[in-house]
Amino acid sequence: MHYHPARLNQKKRDGEALSPAEIQDLVAGVVDGSLHDAQLGAFLMAVCLRGMTPSETAALTLAMRDSGALLARCGDQPRIDKHSTGGVGDKTSLLLAPLVALCSVHVPMISGRGLGHTGGTIDKLEAIPGYRTALDLPTFDAVLRDCGFAMAQASADIAPADRRMYATRDVSGTVESIPLITSSILSKKLAENLDGLVMDVKCGRAAFMKDAADADRLLQSIVDVGAAAGLRVTALRTDMDHPLGLALGNALEIVEIIEASQGRGPADMVSLTVELGVEMLLLAGVEQQAASARSRLSKLLSSGAVARALQQNFERQGGDPRVVDDPSRLGRAPHLVPVPALRSGVVLDVDPLALGHAVVDLGGGRRAPADKVDPLVGIVLQRVRGERVEKGAPLAFVHARTAAAAAAAARTVAAAMPLGEVAEPRLPLVQRRATGGPVR
Ligand code: URA
């Protein structure tokens with residue numbers, strides 16, 4: 001070994017910047033196994049404590065991208081993706097991919113599973129009977145060509161350095177680091193060979209970034225490092241202080257997506273999807289003005305075309321296409337329990353973190369990486385913050401595997417949705433926008 005991992009760790013520990021060549025050596029050691037777990041853990045902790053300059057973060061991102069394959073380009077369509085830092089009820093990817101693909105933009109959506117209390121697109125898709133999320137690269141390309149969008153997990157050949165680094169961060173207390181989060185996300189997105197990326201940086205109680213200042217630091221880091229790597233990025237800071245949409249839980253969220261694809265989605269979820277879609281169309285250059293992009297997307301959503309595009313994709317990826325016309329084919333959890341309001345009043349709050357944990361406790365998320373997820377369980381809200389409810393009317397329905405799990409979740413939901421007289425207004429859905437990267 002011509003490089004000396006302990007010396008590089010000492011350098012970072014003492015607050016010095018590493019050169020691109022040193023970073024490339026470290027990442028090569030991550031992939032070929034010559035860097036030991038202890039050395040990798042120490043490196044990650046040094047980065048957590050000392051940070052990285054934007055050019056170090058860019059070098060790390062590119063080295064991680066180059067640790068694996070680059071998706072091939074197919075066709076002349078612009079290629080744009082969207083990525084979110086994760087939230088509760090955030091199912092926008094599943095609606096955005098077909099919506100934007102209908103505007104002649106290719107959307108190669110490589111997504112993740114749920115993490116902690118946050119949901120993941122791959123777990124949601126796997127609630128569709130037969131749907132395959134593990135696609136090899138030629139199949140992924142073929143689906144992308146045929147449907148204009150493909151939705152899959154990162155295969156082992158996409159940024160393999162991130163797999164080992166992410167797993168090590170998870171067990172070493174080094175997840176919360178802006179350079180590490182930036183390089184982890186962007187290395188996988190750059191491997192998709194994109195023309196542009198829309199980044200949804202969630203902010204609030206149920207987000208990775210709880211306050212606006214932290215969310216803005218991540219947002220700017222992603223825009224700047226994207227620019228340094230030659231990628232045009234538009235990043236939005238969006239609200240995660242309230243669940244997005246009404247359905248929380250994998251199959252229940254697919255039902256909400258199907259309804260939204262037919263023009264019947266909850267206002268907040270549809271509105272955020274359209275705003276993210278506007279940014280994707282602007283980055284793609286297929287629309288020049290936000291207002292015309294917004295009206296094009298809104299018309300498409302009420303036309304029924306998105307439902308047909310979803311159906312085509314479900315079939316192409318092995319899923320049951322009949323669920324689009326008959327969502328009851330997804331199945332139903334055995335216990336459906338209402339959570340009644342204990343008094344008449346206004347919903348003062350809907351705590352997304354408490355509800356995200358309640359879905360995990362129902363079996364809809366994981367406590368350990370090997371846990372199996374129950375696709376059918378979850379919660380469907382009947383009211384959002386600021387809405388009135390009469391005593392005895394349902395605040396939400398709980399879908400559970402057992403009566404005991406349903407009762408426990410119902411208690412959590414009731415506590416997460418206090419009632420009173422006057423609610424504070426909900427925070428704006430889109431709170432900040434930043435854009436950067438090479439000019440088209
Ligand atoms: N998502 C990722 O892919 N990586 C992170 O580090 C955080 C969120």
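In strand E10, Val389 is the bridge partner of Gly345, and in this predicted model the two bridges that join strand E8 (residues 345-347) to E10 have the strands running antiparallel. Strands, here DSSP runs of E with at least two residues, and helices, DSSP runs of H or I with at least four, are numbered from the N terminus, and two strands are taken to pair if DSSP finds at least two bridges between them. E8 and E10 belong to an open sheet of three strands with the order E10-E8-E12 and antiparallel pairing. The edge strands of this sheet are E10 (388-389) and E12 (419-420), each of which pairs on one side only.

A further open sheet, of four strands, has the order E1-E4-E5-E13 and mixed pairing. Strands E1 (80-84) and E13 (430-436) stand at its edges with a single partner strand each, so that one side of each is left without a neighbour in the sheet. From one strand to the next the twist averages 15°, where axes are lines fitted to C-alpha atoms, for helices over the stretch in contact, and angles run from 0 to 180 degrees between N-to-C directions. E1 pairs with strand E4 (residues 196-203) in the parallel sense over five bridges, and the bridge partner of Lys82 in E4 is Val198. Helix H10 (residues 212-228) lies across E4, strand E5 (232-239) and E13, and runs at about 165° to E5.

Helices H3 (residues 37-50) and H8 (residues 160-172) pack at an angle of about 75°, and their axes are 10 Å apart. The two helices are therefore roughly perpendicular to each other, a class that covers angles of 65 to 115 degrees, whereas angles under 35 degrees count as roughly parallel, those over 145 as roughly antiparallel and the rest as oblique. On the H3 side, Asp37, Leu40, Gly41, Leu44 and Met45 meet Arg164, Met165, Thr168, Arg169 and Ser172 of H8, contact being defined by heavy atoms within 4.5 Å.

Arg169 is also among the residues around the ligand, together with Tyr166, Ile181, Ser184, Ile185, Lys188 and Phe208, each having a heavy atom within 4 Å of the ligand. Polar contacts, that is, pairs of N or O atoms within 3.5 Å, are described for several of these side chains. A polar side-chain atom of Arg169 lies 2.9 Å from an oxygen atom of the ligand, and a polar side-chain atom of Lys188 lies 2.5 Å from a ligand oxygen atom. For Ser184, an N or O atom of the side chain is 2.6 Å from a nitrogen atom of the ligand. Taken alone the ligand exposes 240 Å², of which the protein buries 91%, the areas coming from the Shrake-Rupley method with a 1.4 Å probe.

Residues are numbered from 1 along each chain as its sequence is written. Local features need pLDDT of at least 70 and side-chain atom pairs count only at pLDDT 80 or more, while totals for chains, interfaces and linings use all residues, and side-chain values use heavy atoms, with hydrogens and water left out.

Conventions: Polar contact = N/O pair within 3.5 Å; in protein donor to acceptor, adjacent residues only side chain to side chain.
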